[in-house]
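Take a look at the chain and its ligand below.

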Amino acid sequence: VLTVHHLGISQSDRIVWLCEELGIPYVLKRYDRDPVTRMAPAEYRALHPFGTAPVITDGELVLGESGAIIEYLCHRYGDGRLIIKPDASEYPSYLFWFHFANGSMMPSRMAELIARSVGDGAPKPLIDALCERSNRAFEMLEERVRDHPYLAGAQFSAADIMMMFPITTMREFAPRDLTPYPNIQRYIQRLASRPAFSRAMSIADPGYSVPLA
Ligand SMILES: N[C@@H](CCC(=O)N[C@@H](CS)C(=O)NCC(=O)O)C(=O)O
């Protein structure tokens, strides 16, 4: 049986959302973060050598990394739905944004978080450069969703599932005022209005409301 190991208020909510979108049966196992460090508890770490969320288990298989899990589930259990096919004109955009979410956007958000938390302990030009990277990511996204409802274009895809966390829940850790980004605000509302999204969030983190606005 497919088990989604969900660390509370984390990137693993993507996997619950994906399963709800695709109607894939799964068992949810929820773990709370360590109350002091906010890191994954020992029980979660023991699941996978890297020990970060998300992790799924499927029979003998233990798989980590959001992007890998999403591709695995879409292909193995979802008939390739939510993946844009290589012959589609939107394929390169789909690939770019799917990978940009975790390959560049999340690292830039993490760098911003660290730069801001070390404060005076780091040279200001370095802090500015790190924050500027994150600014660029938001500006690019703002531009992309100006005329496209979804990252791949007209069609909702796995790239949108990858992108939601860095622009919503991640703002709890690395604050970001969305006032300068009206298109991103509309994009977030568009994704959040999907029934599978609200269902997934109430299953994954009952009582928590994802910062949308
Ligand atoms: N690129 C990884 C990032 C995983 C990651 O950093 N997850 C965080 C949750 S948002 C985590 O597990 N933090 C707790 C810890 O590191 O102990 C993925 O998408 O799977």
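**Ligand first, then the fold**

Q11 places a polar side-chain atom 3.4 Å from an oxygen atom of the ligand. Keep in mind that this is a predicted model. S66 uses a polar side-chain atom, at 2.6 Å from an oxygen atom of the ligand. A40 uses its backbone instead: an N or O atom there lies 2.8 Å from an oxygen atom of the ligand. How much of the ligand does the protein bury? Taken alone, the ligand exposes 510 Å², and the protein buries 82% of that.

Now widen the view to the shell. There are 14 residues around the ligand. R45, A53, E65, S66 and N102 come nearest. By class, the shell divides into five nonpolar, five polar and four charged residues. And the site itself? The space that the ligand takes is the largest pocket.

Step back to the whole chain. Nine helices and four strands make up its list of elements. In what order do they come? Read from the N terminus, the order is β-α-β-α-β-β-α-α-α-α-α-α-α.

Next, the overall dimensions. The C-alpha trace spans about 50 × 45 × 30 Å along its principal axes. Does the radius of gyration agree or disagree with a compact globule? For 213 residues, such a globule would have a value near 17 Å; the chain has 17 Å, so the two agree.

Start at A53, one of the residues that come nearest to the ligand. A cis peptide bond joins A53 to P54, with omega at about 5°. P54 sits in the loop between α2 (42-45) and β3 (55-58).

E65 is another of the residues that come nearest to the ligand. Its phi is positive, about 80°, although E65 is not a glycine.

The place of D79 is the loop between α3 and α4 (91-118).

Terms used:
Residues numbered from 1 in each chain as written. Predicted model: local features only at pLDDT ≥ 70, side-chain atom pairs only at ≥ 80, totals over all residues. Heavy atoms only, no water. Near = heavy atom within 4 Å. Polar contact = N/O pair within 3.5 Å; in protein donor to acceptor, adjacent residues only side chain to side chain. Areas by Shrake-Rupley, 256 points an atom, 1.4 Å probe, with all protein chains shown as cover. 1 Å grid on protein atoms, 1.4 Å probe; cavity = no way out; pocket = protein on both sides within 12 Å on 5 of 7 lines; lining within 4 Å. Sits in = over half its atoms within 2 Å of the grid points. Nonpolar A, V, L, I, M, F, W, Y, C, P; charged D, E, K, R; others polar. Helix = DSSP H or I, 4+ residues; strand = E, 2+ residues; numbered from the N terminus. Rg over C-alpha atoms; globule rule 2.2 N^0.38 Å.
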